[in-house]
Amino acid sequence: MTGLLLADDIEKFVSTLLENASKNPSATRKVIHDPILGTNVFEPHEIALIDLPFCQRLRRISQTDVASLVFPSANHNRLEHSLGVATITGRIIQSIQSKPRSPKVPLEVEIAIRTAAILHDIGQGPFSHLTDSIIKRFPEVIEYRKKHPGIFSEHKPHEMLSYMIVKDSKFKNHYINEILKNNNSSKSVAEKVDIDAIADMIVAANQKDKYKAWQGDIINGPFDADKLDYLQRDAYFSGLKIGIDLERFLHSVWINKRDKVRRLKVMTSGAITLEQILFGKVLLYNTLYQHHKVLAAECALAGFFEILEDNPEVTINGHRMDRAIDFLSVSEANLLSLENKPTKIRSHLERFLYRDLLKRALVISSDTVVKPETSTGYAQFKELSEYPEAIKELRGKLVDALRGKYPIYDIWIVLPRTPTFSDEASMAKIQDPGGPIKSLRDPFRVDEWLTAYWGNKWTGYVFCPSDNETREEVGKAAAGVLEDEYHFKLKTSAFEKAKNR
Amino acid sequence: MAVRVSSKNFTPTDVVASLLTFMSSEFSNDPKTIHTTIARLQQDSKYRGLLEEFEFLDYHPYPYSPLLGRTLNRLQEARLLSSLNPSYEKYVVTEASKKAIEKQILEVKLADQKDKLSEIASELTKALAHR
């Protein structure tokens with residue numbers, strides 16, 4: 001398996017989708033209304049781009065994977081989010097343009113950045129980040145990532161796939177010759193749009209470029225348009241309240257044209273908005289993304305993908321679901337459809353569809369571990385969050401301890417990944433015109449405060465089928481396996497918090 | 001026995017936790033110096049085997065390893081390390097935690113690497129003192 005194969009897959013994917021794209025698409029400027037960002041104008045070339053199948057498939061990708069099973073109104077999708085990112089991107093550019101010490105942004109650069117915003121998620125698979133965690137384990141993805149360490153070392157697979165789609169020669173050709181040239185009043189401007197720079201912005205590959213680093217900051221930076229949109233949007237649609245003062249942020253955002261490397265920054269008066277972004281992120285992790293019921297629903301769906309993996313004869317719309325390209329080629333509806341699926345898969349899916357979710361058998365946190373400060377095994381256990389295959393092996397040991405009474409697809413050990421804040425807090429720059437450049441963490445170590453906060457909130461779980469007897473049985477067995485394997489003991493609160501006693 | 005996560009006998013958490021046993025009970029929580037020092041020592045073939053898992057991003061304001069960042073955070077979550085409120089400028093590792101790490105990790109998994117770990121900790125201590 002080589003990286004070339006992933007590129008070949010992407011080429012085929014682009015060709016297939018372009019077969020369904022209209023030739024000489026001629027669009028008009030349109031107004032799109034949004035519950036968060038209000039009334040927004042999209043230019044003809046943007047409308048033609050949004051009309052492409054690459055963007056339209058985002059309508060059928062849930063922004064917050066299966067969170068709607070817990071937060072019923074969280075049914076928003078990736079297209080809504082992408083349009084939101086483009087809108088915020090446009091406002092950031094307008095705001096920069098209004099600052100006398102910021103450089104002027106040529107129209108072709110503005111077009112490129114807004115285009116990157118529209119396209120930044122076109123590599124997303126069904127259920128967004130849930131399938132990202134599957135795609136990242138495929139050999140062709142690992143291989144491609146290894147061959148491009150400078151660009152993709154820490155990027156999520158969908159970012160890499162979005163980058164690859166935009167870099168594909170057929171996609172570039174279609175964008176330049178069909179979309180831009182047919183839909184831009186100034187042909188000379190259209191010819192200047194740098195599509196490679198668009199791809200670079202998606203993965204922030206232009207960080208060292210004196211003139212372009214700020215462009216990547218808007219799309220994939222410490223306080224990018226992506227975060228500014230998804231934090232507000234995910235909170236709004238899930239019914240949670242977080243506060244991000246977008247207007248104040250826009251008032252203070254700028255670029256210093258005298259900088260050695262031009263980066264997006266805010267003035268001191270806007271620093272509070274950067275803190276709001278970090279606080280918003282940690283609150284949403286705690287209350288939405290890592291809510292125990294959302295994690296349980298994700299496990300049910302992940303179990304479905306494991307069944308598929310163990311039964312390679314089963315396909316989804318002809319796809320074996322063992323390559324990244326398969327995940328770009330099927331929809332959430334295809335995956336959840338009960339038609340043409342064998343009984344064992346149907347029964348698993350039915351439980352998911354009718355919300356017969358797994359429940360907690362054990363709650364693992366620094367509060368439920370006996371003397372964590374001297375139990376190094378607890379830290380080693382938590383480290384498994386870096387190694388999904390090792391967690392699966394541990395689940396296998398738990399299934400063995402239960403003498404195979406329950407299928408591994410129904411037994412889960414979940415160790416939510418710890419978000420880091422120091423990276424963002426170091427990268428986020430604050431400067432007033434004529435003043436020194438500071439990072440967000442210089443006046444107060446907000447990242448360390450958040451790390452301490454998170455340390456108290458972090459919770460791991462063992463999930464199992466929902467009846468009380470099973471939960472008690474699995475909880476006891478899991479505590480035994482953890483003690484045997486990692487030599488730490490759990491308090492009775494580990495069971496009580498799981499409400500299985 | 002814990003599930004094996006890599007071809008090596010030890011993990012990044014084992015290495016960073018073991019380093020703590022050679023540090024003083026309070027040391028500066030300065031990510032820039034910590035990441036920069038580990039990135040520099042990683043280039044030395046003598047320490048490469050211990051530190052190679054940490055991949056450093058070159059586009060960050062300083063060489064920054066997300067894995068090293070997450071490992072330090074996890075050690076705090078696990079209560080083996082703490083950062084002192086309200087300024088968060090110092091890390092604290094208790095004698096009880098040091099003894100536990102020494103007995104449960106260092107002696108079990110990294111006994112043959114003690115000298116190198118001690119040298120890395122010494123370099124870190126020096127760098128943090130001169131920051």
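Visitor: In what order do the elements of chain B run from the N terminus on?

Guide: This is a predicted model, in which local features need pLDDT of at least 70 and side-chain atom pairs count only at pLDDT 80 or more, while totals for chains, interfaces and linings use all residues. Residues are numbered from 1 along each chain as its sequence is written, and chains are lettered from A and ligands numbered from 1 in the order in which they are written. Helices (H or I, at least four residues) and strands (E, at least two) are DSSP runs, numbered from the N terminus. Chain B has six helices and three strands, and their order is α-β-α-α-α-β-β-α-α.

Visitor: What is the radius of gyration of chain B?

Guide: This radius is taken over C-alpha atoms, and the globule rule to set beside it is 2.2 Å times the number of residues to the power 0.38. For 131 residues the rule gives 14 Å, and chain B comes close to that, so it is as compact as a globular protein of that length. The radius of gyration of chain B is 14 Å.

Visitor: Which helix of chain B gives the most to the side that touches chain A?

Guide: Two residues are in contact if their C-beta atoms, placed from the backbone, lie within 7 Å. The contact takes 36 residues from chain B and 34 residues from chain A. Helix 1 (12-22), helix 4 (66-77) and helix 5 (95-109) of chain B each supply at least two residues of that side of chain B. The one that gives the most, with eight residues, is helix 4 of chain B.

Visitor: Which strands stand at the edges of the open sheet of four strands in chain A?

Guide: Two strands pair if DSSP finds at least two bridges between them. The order in this sheet is 3-4-7-8, with mixed pairing. Each edge strand has a single partner strand, so one side of each is left without a neighbour in the sheet. The edges are strand 3 (253-255) and strand 8 (438-439) of chain A.

Visitor: How many residues of strand 9 of chain A are buried?

Guide: A residue is buried if 20 or more other C-beta atoms lie within 10 Å of its own, exposed if 12 or fewer, and partly exposed in between, with C-beta atoms placed from the backbone. A:Gly460, A:Val462 and A:Cys464 point one way from strand 9 of chain A, and A:Tyr461 and A:Phe463 the other way. Strand 9 (residues 460-464) is largely enclosed by the rest of the structure, because the buried residues number five of the five.

Visitor: Which residue stands opposite A:Phe463 in strand 9 of chain A?

Guide: Strand 9 of chain A is joined by five bridges to strand 5 (residues 359-364) of chain A, and the two run antiparallel. Strand 6 (residues 412-414) of chain A also pairs with strand 9 of chain A in the antiparallel sense, over three bridges. The residue opposite A:Phe463 is A:Trp412.

Visitor: Is A:His487 buried or partly exposed?

Guide: A:His487 lies in the loop between helix 25 (468-486) and helix 26 (493-496) of chain A. Its phi is positive, about 60°, although A:His487 is not a glycine. With 16 C-beta neighbours inside 10 Å, A:His487 counts as partly exposed.
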